[in-house]
Amino acid sequence: MIAQSGLAVAVARLEAAGVEGAGRDARALLAHALGVGEDRLTLHLRDTMTPAQQAGFDAALASRAARQPVAQIIGRRLFWGLQFRVTPDTLDPRPETETLVAEALSRPFRTVLDLGTGTGCILLACLESMPLARGVGVDVSPAALVVAEGNARDLGLADRAGFLLSDWFSAVEGSFDLIVSNPPYIAAAEMPDLAPEVRDWEPHLALTPGGDGLDAYRAIAQGGGTWLVPGGRLLVEIGPTQAVAVSALFAAAGLLDIRILPDMDGRDRVVSAIKPSL
Ligand SMILES: C[S@@+](CC[C@H](N)C(=O)[O-])C[C@H]1O[C@@H](n2cnc3c(N)ncnc32)[C@H](O)[C@@H]1O
């Protein structure tokens, strides 16, 4: 089949499956099947697909029609201008998380701890842009840590990034200039309302700590004081309705200079705080 005809059929198939942005996703999957960059796809639309390309495209469309996220199907996601491998064991890095990275990089640091590292996207983006820094990423998911380690190697950052199986701070040693985290924060009651791409395909461990969605912040606020150097910074991503609750947890833990930062859409997205200097 000619690629352009395949694309038209694909868009109709994804629309029929209820996929939002069917045209965008069909183009991404077609480019993947053809082995070309999305920016080059137009140049290949008159090509006749080989049987292998056709089979790959069909399989990818079937997965997408079953609502598997595009990043899992093609196995990668661009974040902070860097390519990250993504699997069903890792959260697909979100653009709004770049707000946290931008804030982290607004001041220099030598050591950084990333709690709940997933693909390693926050830690590795921070290290990429701060050439003298070293960091540790922790996760309770051994499978996610394998992906993060692979991403560190692929990005040439493995000599400055260590990874650790840890329930938040439990296996962490030392102290850090900066602690960052995008923890699971969706309340248990909100889980059924998530889009199928998220609810049915992304790891639940990455989405929700259960209950009111704040348990990870409780653990991180408690430990922040112990694992930060005096004057060190703690930055967490939050859900847009959680700023007041997370700020209160940080204040109760004795952290200072608590600030709430918006994402590109103007929604509350990051809470930052500082450990008091001695
Ligand atoms: C929202 S995902 C964030 C992943 C990545 N940092 C990002 O921003 O794309 C949360 C991560 O926290 C991890 N996690 C959940 N509970 C944890 C715990 N008790 N200790 C450490 N990591 C945990 C999950 O496995 C998941 O990788």
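Analyst: Buried means under 20% relative accessible area, exposed over 50%, and partly exposed in between, with a 1.4 Å probe and protein chains only. Helices (H or I, at least four residues) and strands (E, at least two) are DSSP runs, numbered from the N terminus. Now the case here. In H6, the buried residues are Cys 121, Ile 122, Leu 123, Leu 124, Ala 125, Cys 126 and Leu 127. That is 7 of the 9 residues of H6, so the helix is mostly covered.

User: What kind of model is this, and how are residues numbered?

Analyst: This is a predicted model: local features need pLDDT of at least 70, side-chain atom pairs count only at pLDDT 80 or more, and totals for chains, interfaces and linings use all residues. Residues are numbered from 1 along each chain as its sequence is written, and side-chain values use heavy atoms, with hydrogens and water left out.

User: Which residues come nearest to the ligand?

Analyst: A residue is near a molecule if one of its heavy atoms lies within 4 Å of it. The ligand has 19 residues around it, and Gly 116, Asp 139, Asp 167, Trp 168 and Asn 182 come nearest. By class, the shell has 10 nonpolar, 7 polar and 2 charged residues. Nonpolar covers Ala, Val, Leu, Ile, Met, Phe, Trp, Tyr, Cys and Pro; charged covers Asp, Glu, Lys and Arg; the others, Gly among them, are polar. Helix H6 (121-129) and helix H9 (204-207) each supply at least two shell residues.

User: Which ligand atom lies 2.6 Å from a polar side-chain atom of Asp 139?

Analyst: An oxygen atom of the ligand. Backbone atoms take part too. A polar backbone atom of Gly 116 is 2.8 Å from a ligand nitrogen. For Trp 168, a backbone N or O atom lies 2.8 Å from a nitrogen atom of the ligand. On its own, the ligand has 590 Å² of accessible area, and the protein covers 95% of that. Such areas come from the Shrake-Rupley method with a 1.4 Å probe.

User: How many salt bridges does a search of the whole structure find?

Analyst: First the idea. Side chains of opposite charge can pair when their charged atoms come close. The cut-off is a side-chain nitrogen of Lys or Arg within 4 Å of a carboxyl oxygen of Asp or Glu. The search finds 14. Take Glu 197 and Arg 64, with closest N and O atoms 3.0 Å apart. This pair links distant parts of the chain: Glu 197 is in helix H8 (residues 196-199), Arg 64 in helix H3 (residues 51-65), 133 residues apart. Both are buried.

User: Is Asp 92 buried or exposed?

Analyst: Asp 92 is buried, at 8% relative accessible area. Its salt-bridge partner is Arg 77, with the closest N and O atoms 2.7 Å apart. Arg 77 is partly exposed, at 32%.

User: How do I read an aromatic pair?

Analyst: A pair of aromatic rings is described by the distance of the centres and the angle of the planes. Rings of Phe, Tyr and Trp (its six-membered ring) pair if their centres lie within 6.5 Å; planes under 30 degrees apart are stacked, over 60 edge-to-face, the rest tilted. The whole structure has 3 aromatic pairs. Phe 79 and Phe 84 have ring centres 6.0 Å apart and planes at 75°, so the pair is edge-to-face. Both Phe 79 and Phe 84 are buried. Tyr 185 and Tyr 217 are stacked, at 6.5 Å between centres and 20° between planes.

How values were computed. Polar contact = N/O pair within 3.5 Å; in protein donor to acceptor, adjacent residues only side chain to side chain.
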